[in-house]
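Keep the structure open beside you as you read.

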Amino acid sequence: MKLKYIVKTLLVGLVFTACSKDSDSDSKEATTTTPDEINNFVWKAMNSWYYWQSDVADLSDSKINSTTAYNNFINGKTPDALFYSLLYQRGTVDRFSWIENSNEVVQASKVAEVEKKGGFSYAIYPKDASNTNMVALINYIVPGSPAALAGLKRGDVITKINGSQLTSSNYGQLENTQITVTLAASVQFTSSSMVTTDKAGTVTVTKADIDENPVAYYEKKVYGSKNIGYLVFNGFKSDYNDELNASFAKMKSDGINELVLDLRYNGGGSLETAVALAQMINGSFTNKPYAYLDFNNKHNNEDGYENLSEKVKIFNLVDNEPTFQREETINSLTLTNIYVLVSFQTASASELTIQCLKKYINVVTIGEETVGKFVGSNTLYDSPASNYISYANRNTKHKWQLQPITFSYYNKDKDPNPTKITPDHEINPYSTFLNLVEFGNVKDPYLNKALELITGQSMRTTAKNVDSSFSLKFDNLAAFNPTNTAKGLYIQDFKSLGKQ
């Protein structure tokens, strides 16, 4: 029985330390003699672990040389304000670090990776070249979730939020605790824009505590001698390693000899899970290096390889933390080809899977350019005696924790990463609006293309294509979309990390 993620009320009250006035009667500036406890944790943890620590002047070791100057710098700020002020070129170089309080992302930007709690995954699309009016296309619905109970379904198009046209300024409200949305009755395309008409009435969704199973769909398709597995995997969540392993046991019993892996809505997650997935796809490379991790200069001892293993760790959530339970033998196939569906929401551990797996087998990508997140993190807690990585030894007087970028990753040969992964076979994402059917339906242009490549046959469907005159550019879609299926690429623990 899986434990659920607990969503708690965001703490907004902060306790500040006392200040003493400067002795200079002409100056009213306060000099703080005691560092704020939480902010002291934020700064020191970032000073130790942040990947770009040496590039941020305010994280320099010299910052702590003067106790008074240091205390004055860190005090008087909220922990999230301090944290985000320490990021290196936030929004351009560092697009992915975040801070949490009570398991809620605080002061999150549009690119911060936040977990859904309404039970629907969506993608934001501009309606025209002005990038002002938007729509949200629902990628999928979590079974039994508030969104499912409210009647939303995969392929629905949201045009309004709380009665107002969805725009570049308000679409963030889709993450609110309760929302009322208007759905499109029809979607049409001109040469330069999307035109929608609205359905009568609205749909209200109130978020709740859910723990989404990322193994969303599996189906076996048979075409002659081809036993094709289609697996929709929406997040590298370590507390579902056993479900992922079970899906490959099913594939083994089904005699799967080709695999279409759908990572279109997968923003990443556990490195442990990513390495296990590679072993499940092809178990011929046990103990071989898979991914190389590079930390900052203060943690060069952590640099090294994550190796492929025939075992996978099984975790359950305890107090909202993945807690090790046991190991399982991995159910491995021996696939030499894999077809991966990708989108502008595919990131992190999903990109790692493509970059690292293709050093061992043939990986064919279908879809759109990915996010381009070739970095990862480990959760930092207020546990200075354990160098901020021990959850068990954390300060329990508060519930702040950090998820900063702490490493970059490379394939086994340490090849430079691209800016983004460009698919081998590109699909116009706007064509999805006309053909977003249930998972497994061959009208899906992405799945359709994969099946054509595998079988060498044209798949007869009634799928619709966007008119060839449609000229709206779609190379900036990632900028409008939060990678909201998982919390990036993170390390479960360092004990399993191999050394070079």
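Which residues does Asp-254 touch, not counting residues up to four places away in sequence? In this predicted model, the contacts of Asp-254 are Tyr-218, Lys-220 and Asn-227. Asp-254 sits in the loop that links H5 to S14. With a relative accessible area of 14%, Asp-254 is buried, because the cut-off for that class is under 20%.

**The helix before the loop**

Helix H5 covers residues 241–253, 13 residues in total. From its first C-alpha to its last, H5 reaches 19 Å, close to the 18 Å expected at 1.5 Å a residue. Several residues of H5 are buried: Asn-241, Asp-242, Leu-244, Asn-245, Ser-247, Phe-248 and Met-251. An α-helix has 3.6 residues a turn, so residues three or four places apart point the same way. You can look for that pattern in the list above.

What covers the buried residues of H5? The cover includes the strands S12 (215–223), S13 (226–233), S14 (258–262), S17 (311–318) and S18 (321–329), and H6 is also part of it. H5 is followed by Gly-255, with a positive phi near 65 degrees.

Most residues other than glycine have a negative phi, and most peptide bonds are trans.

**A strand with two partners**

Strand S23 spans residues 405–411. Six of its seven residues are buried, so S23 is largely enclosed by the rest of the structure. S23 runs antiparallel to S15, and five bridges join the two. In that pairing, Leu-293 stands opposite Tyr-409 in S23. S23 also pairs with strand S21 (residues 375–377), again in the antiparallel sense, over three bridges. Here Ser-377 stands opposite Ile-405 in S23.

In a regular strand the side chains alternate between the two faces of the sheet.

**Spaces inside**

How many cavities of 30 Å³ or more does a search of the whole structure find? The search finds six of them. The largest cavity has a volume of about 70 Å³. Residues lining the largest cavity include Ala-123, Tyr-125, Asn-139, Arg-264, Tyr-265 and Ser-343. Phe-344, Gln-345, Glu-368, Thr-432 and Tyr-446 are also in the lining of the largest cavity. By class, that lining has five nonpolar, four polar and two charged residues.

**The whole chain**

Stepping back, the chain holds nine helices and 24 strands. Of its 500 residues, 55% count as buried. Take the contacts in the chain between residues at least 6 apart in sequence: 72% of them join residues at least 24 apart.

Technical notes: Residues numbered from 1 in each chain as written. Predicted model: local features only at pLDDT ≥ 70, side-chain atom pairs only at ≥ 80, totals over all residues. Heavy atoms only, no water. 1 Å grid on protein atoms, 1.4 Å probe; cavity = no way out; pocket = protein on both sides within 12 Å on 5 of 7 lines; lining within 4 Å. Points joined across faces, edges and corners; volume = space filled by probe spheres on them. Nonpolar A, V, L, I, M, F, W, Y, C, P; charged D, E, K, R; others polar. Buried < 20%, exposed > 50% of the residue type's maximum accessible area, 1.4 Å probe, protein only. Helix = DSSP H or I, 4+ residues; strand = E, 2+ residues; numbered from the N terminus. Pairing = 2+ DSSP bridges. Expected span 1.5 Å × (residues − 1). Contact = heavy atoms within 4.5 Å.
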